[in-house]
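Trainee: Could we go through this one together, starting with the charged side chains?

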Amino acid sequence: MSDSRNAPANSAGSHNADHWRDHGVRVIPGDQLDPDTAQTPGMSRAAAINNARAGAQKIWAGTVKIEANAKTGAHHHGELESVIYVVAGRARMRWGEHLEYVAEAGPGDFIFIPPFVPHQEINASTDAPLSCVVVRSGQEAVVINLDIEPAERPEAVFWVDPIHRHPHG
């Protein structure tokens with residue numbers, strides 16, 4: 001009778017010892033995140049886990065620091081699912097066809113954003129930054145800006161990067 005504890009971890013066959021060293025677990029030190037990712041005025045993002053840094057195929061993970069009182073406009077992320085973990089500060093999320101629903105999250109709370117949900121991300125504090133970890137179900141930064149009057153008007157905070165033009169220019 002075989003002992004399943006000794007079975008190869010890879011059901012497709014075994015690998016040489018170097019394979020798992022080079023293609024196994026990755027640790028990305030917090031002080032070595034990559035800021036060369038989509039940025040928004042008032043928000044600072046840094047990639048931790050993506051294809052280029054860790055070989056991830058299906059997820060992207062990183063951090064976002066949001067300045068006091070910063071707000072996005074109404075948008076959604078297409079087919080992507082997103083998870084936000086609040087590290088410090090207070091996040092306010094508004095969502096719905098008219099951003100009519102609202103919830104807040106604080107340190108230790110998780111926020112789940114399903115595909116295609118119109119939403120607005122807000123730092124609920126007028127004087128303290130918001131720090132979060134973001135995980136999404138794809139490698140591309142998909143953002144579809146929506147023509148919905150925001151429930152809380154952004155203060156000139158737009159998602160602007162090489163693939164998202166400023167709406168006024």
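Mentor: A salt bridge here is a side-chain nitrogen of Lys or Arg within 4 Å of a carboxyl oxygen of Asp or Glu. This is a predicted model, in which local features need pLDDT of at least 70 and side-chain atom pairs count only at pLDDT 80 or more, while totals for chains, interfaces and linings use all residues. Residues are numbered from 1 along each chain as its sequence is written, and side-chain values use heavy atoms, with hydrogens and water left out.

Trainee: How many salt bridges does the structure hold?

Mentor: There are two. In one, the side chains of Arg-92 and Glu-104 meet at 2.8 Å, N to O; Arg-92 lies in strand β5 and Glu-104 in strand β6, so this pair ties together parts that are 12 residues apart in sequence. Strands are DSSP runs (E, at least two residues), numbered from the N terminus.

Trainee: And which residues join into one network through shared partners?

Mentor: Arg-90, Arg-92 and Glu-104 do, with Glu-104 also meeting Arg-90 at 3.0 Å, N to O.

Trainee: Is Arg-92 buried or exposed?

Mentor: Arg-92 is buried, because its relative accessible area is 17% and buried means under 20%, exposed over 50% and partly exposed in between (1.4 Å probe, protein chains only). Glu-104, at 37%, counts as partly exposed.

Trainee: Switching topic, what does Cys-132 touch?

Mentor: Leaving aside neighbours within four places in sequence, Cys-132 is in contact (heavy atoms within 4.5 Å) with residues including Gly-62, Val-64, Ile-84 and Val-86.

How values were computed
Helix = DSSP H or I, 4+ residues; strand = E, 2+ residues; numbered from the N terminus.
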